[in-house]
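Hi,

Here's the structure I promised to pass along.

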Amino acid sequence: MAQGLSYTDAVKLLGGSGPLMRIADNMLGGALSLATAGGSDAAISLFDAKTEAVRLGHLVSGKIVDFVRGQGRYNRSQRLHAAHGVLVVTAFFEALDREVGREEQLSVVAPASPPPGNWIAQLLAAPIPVPGPDVRYDRLLGELERWFAARGGEVCETVPPTLAQWAVSRYGEYVLNLAADVPEFGLWMRLQEDRAASRGLEALEATLRRVSSHRDPQRHRAALALTYRADLGRPILGGDAGQLTMPSLGGAYLDPRFRVKPAGSGARPAEDGWWDSDVRDDFADFLAIHLTTPQSVTAPMLLLGQPGAGKSSLTRILAARLPAADYLVVRVALREVPAEAEIQDQIELAMRAAIGETVAWADLARDADGAMPVILLDGFDELLQVTGIHQSDYLQRVAAFQQREAVLGRPVTVIVTSRVAVADRARLPGGSLVVRLEPFDEPQLERWIATWNHANTAYWAATGRRPLTLGVLNSYPDLAAQPLLLLMLAIYDAGANALQDVGESLGAGQLYERLLHSFAEREAVRVHGPAHPDGLIEDELLRLSVVAFAMFHRLRLWVTTAELDSDLAGLGLRPRRVSGEAFRSPITAGQEMVGRFFFIQRAQALQDDQTLQTYEFLHATFGEYLVARLVCQALVDAEARSRARTLSLGAGSDDDLVRSLLGYTPLCARATVLPFVKELLAGSAHLGPWIVDRLRTAVYRPSYTPGAYQPIDKRADFWMATYSFNLAMLALACGAEIRASELFRLARDPADWLRDISLQWRAAVPGGMYLDAMEALTVTRTWSADGRRDLVLTAADGQSGPVDIGWVHGVRPRPGDIVSIVENDWMPEALKSMDLSSAKSEDYLRHAVDPLLRRFPKALTSFSTDETGVLRSAANQIVEKLLAAAAGELDADGLDELSRLLHRSSSPDGPPAEPDEAGGQAPHRGVDLAD
């Protein structure tokens, strides 16, 4: 809860001149000075203080318009906050006078255990809860009620429970009466009438104009406002839209739903779990309160959103809507100013770009004539993403800039935008507010659709296409919830009502294929005309897939220009066109590729006089689909060429692209890649045997031959393990079954060979990814037809069954056999090996059986068949019988058997031979596995 001015500070702030100053002098230098005398004088000071406080409160409530008339925006906000503090204390004293009689006040004014120091001094110095953008009115009233109760406890030993309640009620009467004359009071208390949901922050502009000073802005401020205002009429998406009409930014932008939370110690705004605040839909009111309260100048507000959520559009609209009479707005696109520059230099460069004049920030702020400076720093994530971790102190530098400006009498509000994903890479200053934009809900979708359809009324009539409907978009909630992706769906459907004519919702893979194909075709037609060359669309999608792989291999959602150019060159993909202007730097393959698609977001920053750029898909799943798409195409093409070469007895490698793509990063690194592969390869069962054949070669005769395509550094052994792991995942996705006995046909123990390969996989694949892959498969321990141990992998999420210890040792006992396996004492060495590997799964199991290991060291390594012929360890039988005994299910014979098991397991010589019915030694097969 934000804490505002103390009462003393509020009185000083309001008592600048005139009669209020005399009352302030009287309070602070006259009657209240008696409070330091102690004894009976303290009682006198209570009544004097109460009289002066109530008198001052009435004067403030009656003259508040005069106190703020002619003040600039920040001074007005300060004085109104001070008036709020005075009214809170006035309500307290009035409640005290009502709820506690004079005689009672005299008797309880000195409590039995008074707090340290003088109580009146404490009252006047206590911070008072204040309105704020993150504080709902009901929450403010609750904080005030607790504040009233605490102050009452400093006066009375027993506080009447009605005192705080009556004080809150009295306070509410004050602000309700003042809201008519001072609109900020109504805004802070959310007392204004309900309005329809705003678009383009129209409600924010209307609210701020009601409290405007109506001053004429000076020349530079007016030029900035005029420049920003023009953005409202521009289309929401630039470029050639064909016959479609793009709605204007001001008309199409919907005020977002959002969450807000103060950035306290340990803030983790990139994590969903940190956001325990409610979703709100009063964004215009929230901003209006933020911009009319003094706390906005103490630290920056961080505005977060997903790619395509409309963060940059919001800053453009905010710059256009803030009235120039009261706000000096400068919008800084951080991608267009030097990343290493000071905050002030970035502001001045942005002003020059906006109005074409060089303006010194200090001069502009000094001549603001009471207007509140508001700096909008758009694209902080681009600085982090492009320039690296050394920008992590940027927000603290912003806060230091605000503190310096406040000291110099130029207080400034700053709002910084960033993607959610990188928010934790910056240190958040104390006092900051963090706002996260939320996805569209259904009412917002309905309003957006109405705007889109209205803008394209002529198009629907001319083409016979049907307008977009909410029912269509409800089939694609993940895409439709983000503004830019929603626009992408709308453009795609407008072409031929492609979304409406499918009859039912498309699968994710089908939708992405159609969307990407459609936009690649639009680009081909735009550049080459309707008669574009055959294969050009597929070539566009191929290059987009390489962009996706460039991000995928680096385990990031973005890639730099240099990295992308290197990857494209490694695969032999060059720019199609050479720049025709001799004095311009030639365009790179990466710049040419990503510059044509609006669903690829370009981040940019200027560093050391160089423009650094990174690229990112607006929706991460686009990239994941393109990764799966290229993998599947490479497999299909390699299998077809392999079959053709076999028939023609040709020579050469047919799977170079497959090997290039699959040796660097596990396909399970992104959760949706393998499901996309499975969808794309549905009906391609013939690929399964071919992939298994390639897997056989990869695990039996592994080889590593690096080519020109090397997106990341990779150890040779890790490359080979990752390559074979990915082949196994692809074979399973095709519905194939992987058998150890088929991979290692000549091995005496195929299961042991596949076990060794799995250890290589586990070493090369990061632990979390490896376990994710295990979720989607079943491992079955079995026997091959010729009696060898076998392992079978299938693509199904099955549960592991009981451990067949006979299979572990290669023993297949028959029913009725008595088999005892006594192993050498290898357990200490095995435990050390587990300590070294530090696998959580092993440690969990060790933790569970630790009591058995310590008390009965032979229990885990002593095995025998039970009455059904199943080979079991003594530990297994002990645990089962102990659980049965705890449940009252073990009879006397069972208890005797448990006692024998425990005795045998603690014996240093191992289990004795089982006696036969005649009392002799029964024949058994003993197996010593020491070697």
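Helix H37 (residues 827–837) packs against helix H38 (residues 840–855) at an angle of about 150 degrees, and their axes lie 11 Å apart. Axes here are lines fitted to C-alpha atoms over the stretch in contact, with angles running from 0 to 180 degrees between N-to-C directions. So H37 is roughly antiparallel to H38 (the label applies over 145 degrees). On the H37 side, Met827, Leu831, Met834, Asp835 and Ser837 meet Glu842, Arg846 and Leu853 of H38 (contact means heavy atoms within 4.5 Å). By type, the residues of this contact come out as four nonpolar, one polar and three charged.

Keep in mind that this is a predicted model, where local features need pLDDT of at least 70 and side-chain atom pairs count only at pLDDT 80 or more, while totals for chains, interfaces and linings use all residues. Residues are numbered from 1 along each chain as its sequence is written, and side-chain values use heavy atoms, leaving out hydrogens and water.

Now for strand E6 (residues 433–437): five of its five residues are buried (under 20% relative accessible area, 1.4 Å probe, protein chains only). Leu433, Val435 and Leu437 point one way from E6, with Val434 and Arg436 pointing the other way.

E6 also has pairing partners (two strands pair if DSSP finds at least two bridges between them). Strand E1 (residues 258–262) pairs with E6 in the antiparallel sense over five bridges, and Lys261 stands opposite Val434. Strand E2 (residues 301–305) pairs with E6 in the parallel sense over four bridges, with Leu302 opposite Val434.

Cheers

Note on methods
Buried means under 20% relative accessible area, exposed over 50%, partly exposed in between (1.4 Å probe, protein chains only). Angles under 35 degrees count as roughly parallel, over 145 as roughly antiparallel, 65 to 115 as roughly perpendicular and the rest as oblique. Ala, Val, Leu, Ile, Met, Phe, Trp, Tyr, Cys and Pro count as nonpolar, Asp, Glu, Lys and Arg as charged, and the others, Gly among them, as polar.
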